[in-house]
Amino acid sequence: MNIRTPPDNQPAGGTDAPAIQTRALEFQWRPQQKPLTFPDICLQPGEHMFLHGPSGVGKSTFLSLLSGMLTPRKGTVALLGTELSGLTASRRDRFRADHLGVIFQQFNLVPYLTAMANVTLPCRLSRLRKSATAPNAHHEARRLLSALTIPEDLWNRKVTRLSIGQQQRIAAARALIGAPGVILADEPTSALDTDNRDRFLDLLLNLANERGTSVLFVSHDHRLSSHFHHHMELSGGHA
Ligand SMILES: Nc1ncnc2c1ncn2[C@@H]1O[C@H](COP(=O)(O)OP(=O)(O)OP(=O)(O)O)[C@@H](O)[C@H]1O
């Protein structure tokens, strides 16, 4: 694979670069801890992967390595043909803003902002994602909020005054806006009942398909795996 660093504000990678590719990743939280090791993955653009494994095996750590929030002790992560370790911290931040949507367990929504302002936030942080929603990020946000069945009278309400299920869908809309190449989702359906979980996943993956976005989705609940092209089990291998 041709790994390169894109100039600022240019789409990363070539059309043939995998969305996510890892090699021989290891991470250690503390010097006395046995290193966590991770199987290699290669996910093509537009493909979706389900990552499953018992509590404590390293699923969240893996997502943090993929997002560049943590630096591996060994091995490499390339997103859309760009190797994260080849970027300075500020370029890595820019790369994340331009090309990555995240939906985490705690949603990480900005509590004092409305649903609409949370969804359009990536377009304020990334010119690339703003231009992908041109001429109007609010128009795209309205489309996503409607598709994710958030009633219109809630769009201008602060997110802290919404239900957990509604906040999860707001976080999904925020991850999808501006068509980033990759979405990383860490247990985003943990608070939903089975029907709502399946519905949420169908909506998320359909919207990702429209945009050609790859999704790596982590969950304890292996019943969800049938929604995905690929499955991977983390079994807690240590180096
Ligand atoms: N901040 C941290 N400092 C030290 N050790 C940590 C830290 N975060 C996680 N760990 C350890 O790293 C290992 C993997 O944790 P991680 O949170 O990645 O697992 P997980 O599979 O996502 O778990 P869960 O399904 O319960 O969320 C665990 O042994 C955990 O105790």
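Reader: At what angle do helix α6 and helix α7 pack, and how far apart are their axes?

Author: Helix α6 (residues 164–176) and helix α7 (residues 194–211) pack at an angle of about 10°, with their axes 11 Å apart. Helices here are DSSP runs of H or I of at least four residues, strands are runs of E of at least two, and both are numbered from the N terminus. The axes are lines fitted to C-alpha atoms over the stretch in contact, and angles run from 0 to 180 degrees between N-to-C directions. This is a predicted model, in which local features need pLDDT of at least 70 and side-chain atom pairs count only at pLDDT 80 or more, while totals for chains, interfaces and linings use all residues. Residues are numbered from 1 along each chain as its sequence is written.

Reader: Why is α6 called roughly parallel to α7?

Author: Angles under 35 degrees count as roughly parallel, over 145 as roughly antiparallel, 65 to 115 as roughly perpendicular and the rest as oblique. The angle is about 10°, so α6 is roughly parallel to α7.

Reader: Which residues of α6 and α7 make the contact?

Author: On α6 they are G165, Q168, R169, A172 and L176, and on α7 they are N196, F200, L204, L207, A208 and R211. Two residues are in contact if their C-beta atoms, placed from the backbone, lie within 7 Å.

Reader: What makes helix α1 largely enclosed?

Author: A residue is buried if 20 or more other C-beta atoms, placed from the backbone, lie within 10 Å of its own, exposed if 12 or fewer, and partly exposed in between. In α1 (residues 59–66), six of the eight residues are buried, so the helix is largely enclosed by the rest of the structure. The buried residues are K59, T61, F62, L63, L65 and L66. Their cover includes β1 (20–27), β2 (36–37), β4 (48–52), β5, β8 and β9 (214–219).

Reader: Which residues are buried in helix α2?

Author: In α2 (residues 89–99), F95, R96, D98 and H99 are buried. Among the elements covering them are β7 (100–103) and α4 (127–132).

Reader: How many helices and strands does the chain have, and why is the chain called as compact as a globular protein of that length?

Author: There are seven helices and 10 strands. The chain's radius of gyration is 17 Å, close to the 18 Å that the globule rule gives for 239 residues, so the chain is as compact as a globular protein of that length. The radius is taken over C-alpha atoms, and the rule is 2.2 Å times the number of residues to the power 0.38. Buried residues make up 41% of the chain.
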